[in-house]
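Biologist: Hi! Could you walk me through this one in plain words? I'm new to reading structures.
Modeller: Happy to, let's have a look together.

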Amino acid sequence: MWRMFNDQTENKVNQCYFRSIFNTRYNIGFGNPRTDVFSKCTKLDERIKNEKNEAEKTKYMIEKTIHKRKSKKNYELLNERQHGMLTLSFNCQENQVLPKIPDQITYYTRQIYIYNFAIVLSVEGKKLNKDTVSLYTWNENEYKKGANEIASSVYHRLNALNLEDIKTVRLVADGCGAQNKNSIFIGMCCVWLCNAPGHINDIELVFPVPGHSFLPADRVFGNIERELKRKEVIVQPNGYHDIFSHYGTVIKMEMDYDWKEALHDIVKPPSQWHFRVSVFFIKRYGNKIKVKGEPHYTSDFTQFKSILKRGKSFKDVLPLPVPKKQCAHSKRKKSMT
C-alpha cells in the first residue's frame, strides 16, 4: 500500500511515516482469509426478500434470529477463557492433489490426494503459529480420511499437551458425521479421559451451527491456499509440507489406530444412547466415564449415563495400529504402479 501511495502521488513519503499515519488515523483491520463460509443465513435472506406472505416472512425472520443467536453462542464458547480449561479446535482442509501440474490429463492418470488436518490450541494472546497449530498430513495411498484417522490425530495431540492445572478439555469441530460427530470419536474421548491425569474431570465436545463453523483452522487453510495458488508445480509431498510448515508444526501421520474395531464390543450402538444432540459432555466419576448431550449450548435437560455395554470398561479398549496400505481409488492405484 505504501508503494501504491507513492506511485499515485507527487508527495512521496517514507515507509515509517506512512505506517504511523495508517495505524493511528484509520480504523482499518486486516484478517486472515476464510474458507468454509457457506451459511444458512443466505438461504433465509433470500426467502425473506422474496416472500410475499407476511406471516411466512415473519416466520423466516424469527428462524434467522434464532440461528444467529445460536451461532453467536458457539463463538462465545470457542473464545471463552477460563482458568483450568483448555480449548482445541480442528478441521480438515480441502484435499490437495499430488502431483500438482498445469496439465488436465494428470487428473485422469496420475494424481492422488494429500490430506491436511489442523488442530489449533486456543491460547489467549497468542496468534496462529507453530506453537499453537499442529498440521497432521498423510497421503491417500497411506491411510483413509475417516473417523479413525481423525480420532488418532486428536488422541496424539491430547497426549502431547502440557495438561498441568487443566480440569476441563473443550473440543470444537464441525458436525461432520463421517469424521468428528460419531461414536468412534466420542468413544476415543472417553478412553483418553479414562486414562488421563486424575485432575482432568471433563471433556466438552462442541459442534457449531451448520454454516457458521468458521474455526481457527479455516484461517490457517486460507493462508495455505493463498500460497498454493502461486505455486503451479508440486510433484512431491515435501512440496506441500514445506508450505504447511510456514503456518504450523507439520506432523506426518505414522500411526493410525483402529478405534472402530476396538470400540465395537465395548460401546453401545448410537441407537441405544439416551440422547440425540449436538453438544456432548463427558465426565469422570472415579473410575467410571459417563456421557450426556444437550440440544442447545446452554440447556441442561439430560443426565450423565454410561454408553458402555454391560460388563465392559474403557480400560479394556486397546486399539491396534493400522498398517500403511494402498487406500487410493482402484483406478488411481493402477496408475501409480
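Biologist: Let's begin with helix 6 and helix 7: is their crossing left-handed or right-handed?
Modeller: Helix 6 passes helix 7 in a right-handed crossing. A crossing is called right-handed if the near helix is turned clockwise from the far one by less than a right angle, and left-handed if anticlockwise. Helices here are DSSP runs of H or I with at least four residues, strands are runs of E with at least two, and both are numbered from the N terminus.

Biologist: Which residues make that contact?
Modeller: From helix 6 come A147, N148, I150, A151, V154, Y155, L158 and N159, and from helix 7 come I184, F185, M188 and W192. Contact means heavy atoms within 4.5 Å. By class, this contact of helix 6 with helix 7 has ten nonpolar, two polar and no charged residues. In that scheme Ala, Val, Leu, Ile, Met, Phe, Trp, Tyr, Cys and Pro count as nonpolar, Asp, Glu, Lys and Arg as charged, and the others, Gly among them, as polar.

Biologist: And how do their axes cross?
Modeller: The axes of helix 6 (residues 147–160) and helix 7 (residues 183–195) come within 9 Å and cross at roughly 25°. The two helices are therefore roughly parallel to each other. Axes are lines fitted to C-alpha atoms, for helices over the stretch in contact, with angles from 0 to 180 degrees between N-to-C directions. Under 35 degrees counts as roughly parallel, over 145 as roughly antiparallel, 65 to 115 as roughly perpendicular, and the rest as oblique.

Biologist: Before we go on, what kind of model is this?
Modeller: It's a predicted model, where local features need pLDDT of at least 70, side-chain atom pairs count only at pLDDT 80 or more, and totals for chains, interfaces and linings use all residues. Residues are numbered from 1 along each chain as its sequence is written, and side-chain values use heavy atoms, with hydrogens and water left out.

Biologist: Got it. What's the overall make-up of the chain?
Modeller: The protein chain has eleven helices and eleven strands. Of its 337 residues, 44% are buried, where buried means under 20% relative accessible area, exposed over 50%, and partly exposed in between (1.4 Å probe, protein chains only). Among contacts between residues at least 6 apart in sequence, 71% join residues at least 24 apart.

Biologist: Back to helix pairs. What about helix 3 and helix 4?
Modeller: Their axes come within 9 Å and cross at roughly 160°. That makes helix 3 roughly antiparallel to helix 4. This crossing is left-handed. Here K40, C41, L44, D45, R47 and I48 in helix 3 meet K57, Y60, M61, E63, K64, H67 and K68 in helix 4. The contact has five nonpolar, one polar and seven charged residues.

Biologist: New topic: where is P208?
Modeller: P208 is in the loop between strand 6 (202–206) and helix 8. P208 is buried, with a relative accessible area of 8%. The C-alpha atoms of P208 and V172 are separated by 7.6 Å, and these residues are 36 apart along the chain.

Biologist: Last one: is N6 buried or exposed?
Modeller: N6 is buried, with a relative accessible area of 11%. N6 lies in helix 1 (residues 2–7). Leaving aside neighbours within four places in sequence, N6 is in contact with N11, K12 and V13.
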